[in-house]
Amino acid sequence: MTIDTLVVLAYFFFLVAIGWMFRKFTTSTSDYFRGGGKMLWWMVGATAFMTQFSAWTFTGAAGRAFNDGFVVVILFLANAFGYFLNYLYFAPKFRQLRVVTAIEAIRQRFGKSSDRYLPGQACLTASFLRESG
């Protein structure tokens, strides 16, 4: 085994151990996504933004920027604009409905049958897009 493989495996097992130790603190989607409603709104929003930002930045953006150049900056600006629109439109609706995730809002609006329809629709769309691109 190379040192790279050992580091990745050690990191993986470290994350699994942390998840195992803290599993009792998260019992619902509200606990997971918004700290059980005990965190400040700006802290939850910043956490969600930085999670998406860091995942894209450190895994794909560098290679994409190398290949495509300045267009990657437009992607970052579009993401920021999308977050702002979510803040303006979806956040008040989610607050009014008292839901945490989009699936919960859709379930409230359209019933439980939509739970099975939407993931299937997403899988079909993703597979068609993957085949065409």
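Let me start with helix α4, which gives the most to the nonpolar patch, seven residues. This is a predicted model, with local features kept at pLDDT of at least 70, side-chain atom pairs at 80 or more, and totals for chains, interfaces and linings over all residues. Numbering runs from 1 along each chain as its sequence is written, and side-chain values use heavy atoms, without hydrogens or water. Helices are DSSP runs of H or I, at least four residues, numbered from the N terminus.

Now the patch itself. Who is in it? Met-39, Leu-40, Trp-41, Trp-42 and Met-43 are among its members. Patch residues have over 30% relative accessible area and no salt bridge, with nonpolar side chains joined within 5 Å. Both α3 and α4 supply at least two residues each.

Find Leu-40 in the loop between α2 and α3. Its relative accessibility is 47%, so Leu-40 counts as partly exposed (buried is under 20%, exposed over 50%, partly exposed in between).

That loop between α2 and α3 also holds Gly-35. Gly-35 is partly exposed too, at 25%. From the C-alpha of Gly-35 to the C-alpha of Val-72 is 32 Å. Along the chain, those two residues are 37 apart.

Next, the pockets. A pocket is an open set of points on a 1 Å grid where a 1.4 Å probe fits, with protein on both sides within 12 Å along at least five of seven lines; lining residues have an atom within 4 Å of a point.

The largest pocket has about 1500 Å³ of space. It has 31 lining residues. Which sit closest to its centre? Phe-33, Val-44, Gly-45, Ala-48 and Val-100 do. By class, the lining has 20 nonpolar, eight polar and three charged residues. Gly counts as polar here.

The second largest pocket has about 160 Å³ of space. On its lining you will find Tyr-89, Phe-90, Lys-93, Phe-94 and Leu-97. Ala-102, Ala-105, Ile-106, Gln-108 and Arg-109 line it as well. Helices α4 and α5 (102-110) each give two or more residues to it. Its lining divides into seven nonpolar residues, one polar and two charged.

Arg-98 has a positive phi of about 60°, although it is not a glycine. Its relative accessibility is 64%, so Arg-98 counts as exposed.

Last item: charge pairing. How many salt bridges does the structure hold? One. Arg-64 pairs with Asp-68, and their closest N and O atoms are 3.2 Å apart. The cut-off is a Lys or Arg side-chain nitrogen within 4 Å of a carboxyl oxygen of Asp or Glu. Both partners lie in helix α3, four residues apart, about one turn. Asp-68 is partly exposed at 39%.

Key
Grid points are joined across faces, edges and corners, and a volume is the space filled by probe spheres set on the points. Buried means under 20% relative accessible area, exposed over 50%, partly exposed in between (1.4 Å probe, protein chains only). Patches are made of residues with over 30% relative accessible area and no salt bridge: like charges are joined within 9 Å, nonpolar side chains (Val, Leu, Ile, Met, Phe, Trp, Tyr) within 5 Å. Accessible areas come from the Shrake-Rupley method with a 1.4 Å probe; for residues, only the protein chains shown count as cover.
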